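Subject: Structure for you to look at

Hi,

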Amino acid sequence: MKWTIVGAKGMLGTDLITRVKREGYEITALDLGDIDITDAASVQGALTPGQDIVVNCAAFTAVDPAEENEGTAFRVNATGAANLARRCAQTGARLIQVSTDYVFRGDGTTPWNEYDAPDPLSAYGRTKAAGEWAVQTYTKDYLIVRTAWLYGRFGNCFPKTMVRLAQSHDTLKVVTDEVGQPTWTVDLADLIVRLAQAKAPTGIYHGTSCGKTSWNGFTKEIMKAVGKDPSMVLETTAAAFDRPAKRPSFSALAHGELRKIGIEPIGDWRERWHAAADTVLVPEDPASARA
Ligand SMILES: NC(=O)c1ccc[n+]([C@@H]2O[C@H](COP(=O)([O-])OP(=O)(O)OC[C@H]3O[C@@H](n4cnc5c(N)ncnc54)[C@H](OP(=O)(O)O)[C@@H]3O)[C@@H](O)[C@H]2O)c1
């Protein structure tokens, strides 16, 4: 199988390359400098025919800055996805588009299904939802894999921030009223490979850990992993923070479509975090991962 990974230098892209290499597949790794997904001509030139799978890990992922820069976020998350989808339809490659739980409004109390209607609260969510629609419009052979609360070794992520803050603070106030599913990039990369190998039917799948927690609950587990007392994590609510973007209060995702096709979802978030912690919290060495 020939793979092209776009956004190859990002947090997910880096771990996906390692995972795909382990299978012995041929990989073309592309990031800014090799391809600009907002530019149809650049996509046309960089995505050569003969690829079986193209994974789009490239995105404008900064949730608060997207509020002020929705046009830029749209060009990357929506126009970029459209350009890739059109090119994949021409070349016959299957497109795997990575999307987000933030496409949902998040005002429910039960996990969102793959077929529930997107209704985003934020600019980031709107541009990612537009990316999903573009993919569904421009190619017939796609997998949209929604993920959430990603953490990984090769990027800035929530656990690293919390561990850094815990070094200089006796207590940390973390919100209890945003609930979701912390997900390790290594687990998501593995799921993407399993979906491709299974030749999963075109459609939307949820690539998150099972179970659910709040950022507060996640922070307590992060503190446990670094030998700190989780009681240093105090409760607060989103209203206490003045952030530009609204976040869903409940964005846990259900995994019915994976189960329907016999693919095991990623495991429980807490168990996966403790499996990941030592890897995620070591200092970055991207050069060795990409060698
Ligand atoms: N991080 C999360 O918590 C989270 C949650 C839910 C869903 N997701 C989704 O998961 C996917 C992977 O996220 P991630 O956190 O791994 O992202 P990331 O670390 O920000 O990586 C994205 C990569 O795409 C590159 N890129 C940006 N604009 C581009 C363009 N126009 N053309 C080509 N490449 C471009 C970036 O380059 P520069 O760094 O130079 O800009 C970066 O290397 C994204 O689709 C994201 O929306 C992420």
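A polar contact here is a pair of N or O atoms within 3.5 Å. Keep in mind that this is a predicted model.

The ligand first. A backbone N or O atom of V98 sits 3.2 Å from a ligand oxygen atom. T61 brings an N or O atom of its side chain to 3.3 Å from an oxygen of the ligand. For G10, a backbone N or O atom is 3.5 Å from a ligand oxygen. The protein covers 77% of the 900 Å² of accessible area that the ligand has on its own. Helix 1 (11-22), strand 4 (94-100) and helix 5 (123-138) each give two or more residues to the shell. Strand 4 supplies the largest share, 3 residues. Of the 25 residues around the ligand, M11, L12, D31, Y124 and K128 come nearest. By class, the shell has 14 nonpolar, 7 polar and 4 charged residues.

Now the salt bridges. The count is 15. One of them pairs D187 with R272, with the closest N and O atoms 2.8 Å apart. D187 lies in helix 7 and R272 in helix 10, so this pair ties together parts that are 85 residues apart in sequence. D187 is buried, at 9% relative accessible area. R272 is buried too, at 17%.

E221 has two partners to check. K224 meets E221 at 2.9 Å, N to O. Both lie in helix 8, 3 residues apart. R270 meets E221 at 3.2 Å. E221 is in helix 8 and R270 in helix 10, so that bridge links parts 49 residues apart in sequence.

Finally, R19, E23, D190 and R194 are linked in a salt-bridge network.

Best wishes

Technical notes: Residues numbered from 1 in each chain as written. Predicted model: local features only at pLDDT ≥ 70, side-chain atom pairs only at ≥ 80, totals over all residues. Heavy atoms only, no water. Near = heavy atom within 4 Å. Polar contact = N/O pair within 3.5 Å; in protein donor to acceptor, adjacent residues only side chain to side chain. Areas by Shrake-Rupley, 256 points an atom, 1.4 Å probe, with all protein chains shown as cover. Helix = DSSP H or I, 4+ residues; strand = E, 2+ residues; numbered from the N terminus. Nonpolar A, V, L, I, M, F, W, Y, C, P; charged D, E, K, R; others polar. Salt bridge = Lys/Arg side-chain N within 4 Å of Asp/Glu carboxyl O. Buried < 20%, exposed > 50% of the residue type's maximum accessible area, 1.4 Å probe, protein only.
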